[in-house]
Amino acid sequence: MRTIQTFIIVICAIFSQPGTSQTPFPATFDIVSDTFGTITLPARHWQYVEDRAGIWTIDSIRQQAIEAKFRGHTAKKSGNMDPMYNYWVRFRLKNTMQQEAQIALEFSSPWQSDIYIFDPNQKERHFRSGIIPWSRRDGYTTKNLAKSYMPVSISAGDEWVVYMKNSTMTGPGTMPPGLLIRLHDMDKMRSELSQSEDINYIHTIKNSLFFGILLWVAIFNLFFFLIVKERVYLYFALYVFFLGITRFLTPLYHLFFREHPTILFPYFSTFSLAFIPFFTTYFFRNLFRTYLYYPVLDKLLLILSAISLICYWARSFFIYYIVSPQWVSIFNSFTQLTAVVVYLLLLATLISFVRMPEKLYKSMAFILLPPFGTWVVCWSLSVVITQLIRWLGVTPPFFYIWLIEHWSDIEIICLIWTVVYFSWVLLERYNVLRKQVVQKELEKEIERNQLMTQQKEELEIQVEERTHKLQESLEALKSTQAQLIQSEKLASLGELTAGIAHEIQNPLNFVNNFAEVSAEMLDEMHEELEKGDTTEAIAISTDLKINLEKINHHGQRASSIVKGMLEHSRASSGMKEPTDINALADEYLRLAYHGLRAKDSSFNATMETHFDPDLPLVSVIPQDIGRVLLNLINNAFYAVQQRASVGVTSSHADTMYQPTVAVSTQKIDNQIIIKVQDNGNGIPDTIKDKIFQPFFTTKPTGQGTGLGLSLSYDIITKGHGGSIHVVSSTGEGSEFILNLPL
């Protein structure tokens, strides 16, 4: 594609100028000696042609149609030429000596240069120089990135034709006439190159040290910014950082950008240069508070710094594509002059603060004025004079030449002075802010302690009030619990009423019967005494005594039943006493059974007891253990009654079912085992873990409180240190097992 474009351009050039003759070559530059030192090739000895599209090759440039476009420099002002994107230069060198000429060609260009040399035999030599990847540079490579030295040897009497193509990186540049190509004596070139390298080495060390100091200062202030959150530290850190980057471009190039110089130039360097005036302005206004003292000047500085930032970026990235090349140089000059105005306004602001009544600002401005003022004045003069030389072609004054030679040292001294003093000022500012923060924190801590003390007192009052309320609630809860327990006792007592009545009725019937018989026997004894039959009277009295003993026995039996009922109904004393577990279990088994039969006369069940005859007396609270046994036995009779009633009403009645409740006791090691077993419906696995929870019941509403098993669990585990658990299978019955320690 590139070959086709070149061919089209050549054809168009030929047909557009059919009558144009070839432009003659410029006058040949004669080499009369190779010990001349350094000679700049005069403008009359070279010609140039613009290659705006950048597509011409060495073959196409030597065509007659394009060679006719070469022209010499005819501008009236030697320093002002039209900018060009790409251009070709041609000149001729002739060795007029009788010996071979050993010379070096110096090509000073900020762009990429391709040099083509043709000897009398039209043999082509190709060199590359300028800002291109390091591995592609030919000749002597130096620390000066824009310079390359091409050593060549020209035989006696030979004439060489040299073509050089300069290509810009991002936009147009200006070809400096008369300063483009220099011829060097090889020996002197090597000597000057060695001296230049030594100077560059020293400058690199100085700039590296300077960059290290600035980088440390930038990190230091950035750290302060993260602590105190004041923007003045951030702006100063960024200003110092970008300032250091501009001084470290050459080391950066050799460290990271040798193979990618177009990233460093102009993008990275412009990125750094663009932010220096911008962050300098923001740092000054935040440090000296110019927005309070000089609001108009402050706004002007903000506007100009923003314009300078935009111009720097536009100059490097897109300005070349939106304006004509003739305006690019004007725009570049405007960009630099805008930065000059910004720095001069900052200097004027600093001078005004010398006259301020505030001692702090006055002392800062007085100390900073010498280094900052020197730097601003010298830098501004160098920029302005450079522009005058460029646009008006004036001769550089001696001061300008001296300033350029010593500018690096002057700048380092001034900037170090400025940066060090600013760092000291900001450090003092940080110390003041830190003390203020500490003082504020101390005041906050005192206030916090006072608030905590006040809140503690209020909290103690609230805790005391709530503790009192909780105590009242606890007492009410205990009272309610006692009432619930008592209600449970009375409920179970109510269930025993019928059974107790049945048990009391039997001894009462005996008492009544024996009392009637005894009355009749007394009448018979009176009759026998009246008859004088004392023997018969004595026999009757003996039988009467037996009857009275039986009456007493059955009366004691009724009394014991009533006593047991009263013990069950009243509150537990909490005192343990030796108790016959077998008798206690047997009594409550019978009472529970007769109580259920009193409610349902059709109900019949088999009661089985398997008591260990060798069971010792056990130290327990008899009322509580009796309550547990009564609750378990009642539940057992209720379970078998429910299964029996379902069997009666069901069409699939189990005619062989016999309700059975069994109570057994056994001594194993140091434990008494009490088992209450029934052959009812059993307990489903889904509720087996819930039966000991308070208020959980499976009975219909009104038939159970849900406290029986919960109270039984607490009595056995907490009151007697034992355990209670259940073994149950659905459809087969349940077995509750009590373990009581001896």
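The talk below goes from the whole chain to its strands, rings and single residues.

Trainee: What should I keep in mind about the model and its numbering?
Mentor: This is a predicted model, where local features need pLDDT of at least 70 and side-chain atom pairs count only at pLDDT 80 or more, while totals for chains, interfaces and linings use all residues. Residues are numbered from 1 along each chain as its sequence is written, and side-chain values use heavy atoms, with hydrogens and water left out.

Trainee: How many helices and strands are in the chain?
Mentor: The chain has 16 helices and 18 strands. Helices are DSSP runs of H or I with at least four residues, strands are runs of E with at least two, and both are numbered from the N terminus.

Trainee: How much of the chain is buried, and what makes a residue count as buried?
Mentor: Buried residues account for 44% of the 742 in the chain. The label means under 20% relative accessible area; exposed means over 50%, and partly exposed is in between (1.4 Å probe, protein chains only).

Trainee: Why is strand β10 called largely enclosed?
Mentor: In β10 (residues 159-167), eight of the nine residues are buried, so the rest of the structure largely encloses this strand.

Trainee: Which strands pair with β10?
Mentor: Two strands pair if DSSP finds at least two bridges between them. Strand β4 (residues 86-95) is joined to β10 by nine bridges and runs antiparallel to it; R92 has V161 as its bridge partner there. Strand β6 (residues 112-118), also antiparallel, is joined to β10 by seven bridges, with I115 facing M164 as bridge partner.

Trainee: What makes R90 sit over the ring of F25?
Mentor: A charge sits over a ring if NZ of Lys or CZ of Arg is within 6 Å of the ring centre and within 35 degrees of the ring normal. R90 lies over the face of F25, at 4.1 Å from the ring centre. The charged end of R62 likewise sits over the ring of F118, 3.9 Å from its centre.

Trainee: What is the strand order in the five-stranded open sheet?
Mentor: The order is β13-β15-β16-β18-β17, with mixed pairing. β13 (606-610) and β17 (723-729) are at the edges: each has a single partner strand, so one side of each is without a neighbour in the sheet.

Trainee: How do you know that β15 and β16 pair?
Mentor: Strands β15 (residues 660-668) and β16 (residues 671-678) share eight bridges in the antiparallel sense, and I674 in β16 is the bridge partner of T665.

Trainee: Where is D669, and is D669 buried or exposed?
Mentor: D669 lies in the loop between β15 and β16. Its relative accessibility is 65%, so D669 counts as exposed. Phi of D669 is near 55 degrees, a positive value in a residue other than glycine.

Trainee: Where does R289 lie, and why is R289 called partly exposed?
Mentor: R289 is in the loop between α7 (261-288) and α8 (290-293). Its 36% relative accessibility makes R289 partly exposed. Its phi is near 55 degrees, again positive in a residue other than glycine.

Trainee: And why is D714 called partly exposed?
Mentor: D714, in helix α16, has a relative accessible area of 28%, so D714 is partly exposed.
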